Amino acid sequence: MSRFFATGSDSESEESSSADEITPKASGTAIKQALLLSDDEEDTKRVVRSAKDKRFEELTNLIKTIRNAMKIRDMSKCLEEFEQLCRAFLKSKTIVDKEGVPPFYIRLLADLEDYLNQLWEDKEGKKKMNKNNAKALSTLRQKIRKYNRDFETEIASYKENPEQSAEEEEEKDDIESAASSESDDDEENGISAKKFMKKKPQEEEKKGPEASKFLKGAATEDSDSDKDDDDDDDDDNWDSDTVDSGSESEGNEGGGATLAESFLKKTSDGKHLDQKKEEKKKRLKKKERVEEEIEEEGEAEEGGWEKVKGGVPLVKEKPKMFAKGTEINNAVVIKKLSEILQARGKKGTDRAAQIELLHALAVIANENNLGEGILVKIKFNIIASLYDYNPNLAAFMKADMWKKCLDCIDELLDILFNNTNIFIGENIAEDSENLAISDQPFRVRGCILTLVERMDEEFTKIMQNTDPHSQEYVDNLKDESRVCGVIDRLLQYLETKGSTEEVCRVYLRRIMHTYYKFDYKAHRRSLGLQGETKSEQDQEESEGEDSAIIMDRLCKFIYAKDRTDRIRTCAILCHIYHHALHSRWYQARDLMLMSHLQDNIQHADPPVQILYNRTMVQLGICAFRQGMIKDAHNALLDIQSSGRAKELLGQGLLMRNMQERNAEQEKIEKRRQVPFHMHINLELLECVYLVSAMLLEIPYMAAHEFDARRRMISKQFHHQLRVGERQPLLGPPESMREHVVAASKAMKMGDWRTCHSFIINEKMNSKVWDLFPEAKCVREMLVRKIQEESLRTYLFTYSSVYDSLSMETLSEMFELELPTVHSIISKMIINEELMGSLDQPTQTVVMHRTEPTSLQNMALQLAEKLGGLVENNERVFDLKQGVYGGYFNRDQKGGYQQKQGYQRAPDQRGGYQQKQGYQRDQKGGYQQKQNYRGGYRSQNQGNY
């Protein structure tokens with residue numbers, strides 16, 4: 001109060017004046033504080049949080065970020081946030097040790113691992129990812145699997161009952177939030193409940209029940225106030241204030257106990273939590289009910305399972321085909337058939353129900369003896385509906401559906417064989433069909449060949465999509481005999497009633513099921529072996545013609561009658577393959593050379609190219625079995641040198657080429673794959689190629705050791721040799737390649753026994769050689785070849801050391817007959833591979849010193865390079881003039897003739913040959929006869 005308006009005594013005025021003198025300082029500071037603090041800051045109060053709340057809040061924020069990244073498939077963000085989460089969890093280790101691992105953390109770890117596994121299995125999704133996301137996915141997957149090992153028990157318990165753990169977590173959060181709200185309210189009043197409990201005297205404990213009455217009233221009023229509107233809330237607040245004031249007055253009278261209890265909101269909070277629980281349970285039940293309804297609708301659309309309600313089982317009646325009392329005749333059945341077919345392909349059509357209706361219609365037609373024509377028509381549509389059951393062409397039919405289809409085709413063929421007066425064909429129009437019983441033959445639109453071809457393709461798809469190492473694959477493969485039986489029956493039918501083109505198509509189907517199978521019974525008969533038991537002998541006698549005769553008959557018909565190149569090409573390749581498989585090398589080779597397929601096979605479609613590659617590989621293996629090492633190497637060279645043998649033979653896709661093709665191309669290439677039972681053993685193929693290369697390359701390397709520009713016969717073989725040389729430790733060979741490399745090193749030294757032990761042993765027999773039909777003959781041939789090539793290598797390597805060599809000694813060293821040694825050395829001398837001569841009386845080989853010196857070698861290399869330079873200059877000059885080799889082609893008397901300059905002889909030992917050099921004759925003229933090979937000779941003869 002201002003002193004100017006003050007009324008009262010002097011003492012009052014003095015006190016007020018003294019107060020006024022003191023107050024200005026306080027008012028100034030208050031004004032400053034009022035200016036500094038805004039209204040919002042006054043309302044918000046400083047909240048003191050525990051370390052646990054801080055740490056858990058940090059974890060939950062990181063978890064939210066990870067879940068958001070999971071929704072958008074941002075693997076890089078997931079990996080980054082997961083690493084931060086792990087670090088944050090380590091920081092809160094002391095709190096976790098006290099409180100235990102929080103459930104929300106366990107839930108994230110379990111969900112994240114499941115999510116990553118799901119992404120990893122989705123191959124198409126992985127291919128669409130960019131490089132960073134794919135890398136982050138693999139890294140994060142490894143980290144989470146390693147990290148989750150520490151929480152295996154918690155994750156397992158969460159996965160057993162995820163809903164319960166989620167509820168517990170939410171309850172815990174609710175209790176904590178309720179407790180925190182209570183503590184906040186208590187702090188607002190400035191007095192905590194614990195203080196009141198401490199002050200509670202023992203004498204006043206009896207007055208507790210009276211206070212509890214008021215608490216219950218307050219609680220009920222509070223709960224009512226929550227349910228009412230804002231106006232009611234104000235009234236209730238007034239009421240509660242009055243009750244509170246009353247309770248406070250009574251509490252002051254009665255003691256601290258009632259006051260303390262009045263601050264504890266146990267009853268209202270408990271009810272509130274119970275309500276939350278009930279609402280949550282209701283929401284979960286409602287969600288489950290909705291999901292079940294959606295699943296039931298989806299299953300009903302797919303024609304799958306139906307949920308059966310409890311109680312007495314209801315017998316579901318099948319839909320009636322015709323109304324009661326309807327006269328069933330051809331017109332009615334055909335009308336019903338057209339009604340069923342009109343629904344075909346429409347959205348929402350139950351395909352399984354459609355097939356059942358068609359079966360029922362076939363039964364009705366059969367019962368009413370409406371004739372075989374309408375039955376055939378219905379059977380055609382049943383088979384078509386079975387094919388339509390799975391609309392996706394890329395996917396394969398289920399095995400049980402395919403077997404139903406096979407049974408229907410069998411039944412259809414039975415009807416056609418039993419009734420010769422039924423004519424079927426694609427060219428018959430629906431208007432001109434004759435399905436009624438009459439004097440004229442039945443005419444039905446349809447093609448049985450197309451149905452059988454589709455059935456065969458579906459069988460191939462089933463085999464492609466079945467695990468080849470499972471029993472299921474074996475069971476499915478047993479059905480191939482039924483497929484061949486159906487094709488044989490169709491073949492008999494079409495031979496009498498089909499066109500030439502249809503017969504060629506069905507012949508090719510039969511060939512494709514025969515060409516890759518080895519005829520063991522025919523092989524045994526060719527060797528003169530009989531069955532061990534009498535039943536086996538009788539079975540062999542009763543069996544029909546050999547597969548070779550069948551293949552010959554079918555293929556020759558196609559060669560003569562077929563008008564399409566594709567069917568004829570496939571038939572030729574299958575015929576060659578079958579010949580090669582049964583070791584008929586010369587027939588297979590001649591057929592391949594006469595067909596000229598290698599000239600234009602690059603223009604064929606991929607399946608035919610795969611068949612060509614398979615045929616060439618089988619031809620090479622056949623040549624190897626016959627001892628034609630060079631032919632075997634040439635046949636296998638193109639496939640093996642590419643490094644993509646698996647892909648070229650249609651036996652799988654290479655992972656390194658996955659980025660080059662998109663998902664659609666990959667699906668197409670997978671459909672071209674050959675089923676597992678038709679595969680060619682890739683390890684056997686590589687072994688045959690490497691052994692052939694070894695037998696050719698090692699003697700060639702020994703012969704051209706000093707040749708600066710030595711060519712390679714097999715790059716892959718040289719690569720394997722280099723890999724073997726790079727190894728720091730040379731242990732005993734383990735893999736097939738290591739065995740061949742070790743054998744090559746032994747052959748290089750002329751040690752045929754060591755080479756033989758590396759190529760033919762128990763491990764190599766089990767891996768490779770025992771897989772051949774005539775394994776013993778192949779091993780004997782290999783031993784012979786190794787001995788011969790080791791002898792040639794020995795002579796090339798050590799000829800410079802010897803003056804003469806006894807052929808008997810060589811025969812004993814390499815365990816070869818003397819005539820064989822004589823023939824090998826004679827060939828080498830004739831081909832000018834070995835500089836020596838045979839001394840017949842002493843049976844020795846006399847060596848000639850023809851090795852050039854280093855200066856001579858350099859001179860020869862210089863001469864070759866100069867010759868190449870001259871030839872290049874001539875070519876450049878002739879491009880301008882239009883004439884090639886004008887000066888060097890002069891052939892006049894006294895002129896110069898140099899048709900062949902320096903040229904490397906292809907069969908010689910790296911020397912250079914100048915067939916038309918100049919040598920002074922005794923008569924003073926010049927003659928161009930002497931050959932120079934690897935050095936200079938002093939003989940006067942023109943030729944050696």
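**Close-up 1. Lysines over aromatic rings: Lys-126 with Trp-120, and Lys-497 with Phe-423.** In this predicted model, Lys-126 lies over the face of Trp-120, 3.8 Å from the ring centre. Look over at Phe-423 for another case: the charged end of Lys-497 sits over its ring, at 5.1 Å from the centre.

**Close-up 2. An aromatic cluster built from Phe and Tyr residues.** Here you'll find Phe-82, Phe-89, Tyr-105, Tyr-147 and Phe-151, which together form one aromatic cluster.

**Close-up 3. Phe-624 and Trp-769, a stacked pair.** Searching the whole structure turns up 18 aromatic pairs. In the pair shown here, the ring centres of Phe-624 and Trp-769 are 6.1 Å apart and the planes meet at 10°; with planes under 30 degrees apart counting as stacked, this pair is stacked. Phe-624 belongs to helix α30 (residues 606-625), while Trp-769 sits in the loop between α38 (762-767) and α39 (775-798). That puts the partners 145 residues apart, so the pair links distant parts of the chain. Phe-624 and Trp-769 are both buried.

**Close-up 4. Tyr-794 and Phe-814, an edge-to-face pair.** These two rings are 5.7 Å apart, centre to centre, with 65° between their planes. Tyr-794 comes from helix α39 and Phe-814 from helix α40 (residues 807-814), so the pair ties together parts 20 residues apart in sequence. Both Tyr-794 and Phe-814 are buried.

**Close-up 5. His-575 and the residues it touches.** His-575 is part of helix α27, which spans residues 565-581. Is this histidine buried or exposed? Its relative accessibility is 5%, and buried means under 20%, so His-575 counts as buried. Leaving aside residues up to four places away in sequence, His-575 touches Met-551, Asp-552, Cys-555, Tyr-559 and Leu-591.

**Close-up 6. Helices α34 and α35 packed against each other.** Two packed helices are described by the angle between their axes and the distance between the axes. For α34 (residues 682-703) and α35 (residues 715-726), the angle is about 85° and the axes are 9 Å apart. Angles of 65 to 115 degrees count as roughly perpendicular, so that's how α34 and α35 run relative to each other. From α34, the contact takes in Glu-686, Tyr-689, Leu-690, Ala-693, Met-694, Glu-697, Ile-698 and Met-701. On the α35 side, you'll see Gln-716, Phe-717, His-718, Gln-720 and Leu-721. Sorted by type, the residues of this contact come to 8 nonpolar, 3 polar and 2 charged.

Conventions: Residues are numbered from 1 along each chain as its sequence is written. This is a predicted model: local features need pLDDT of at least 70, side-chain atom pairs count only at pLDDT 80 or more; totals for chains, interfaces and linings use all residues. Side-chain values use heavy atoms; hydrogens and water are left out. Axes are lines fitted to C-alpha atoms, for helices over the stretch in contact, and angles run from 0 to 180 degrees between N-to-C directions. Helices (H or I, at least four residues) and strands (E, at least two) are DSSP runs, numbered from the N terminus. Angles under 35 degrees count as roughly parallel, over 145 as roughly antiparallel, 65 to 115 as roughly perpendicular and the rest as oblique. Contact means heavy atoms within 4.5 Å. Ala, Val, Leu, Ile, Met, Phe, Trp, Tyr, Cys and Pro count as nonpolar, Asp, Glu, Lys and Arg as charged, and the others, Gly among them, as polar. Buried means under 20% relative accessible area, exposed over 50%, partly exposed in between (1.4 Å probe, protein chains only). Rings of Phe, Tyr and Trp (its six-membered ring) pair if their centres lie within 6.5 Å; planes under 30 degrees apart count as stacked, over 60 as edge-to-face and the rest as tilted. A charge sits over a ring if NZ of Lys or CZ of Arg is within 6 Å of the ring centre and within 35 degrees of the ring normal.
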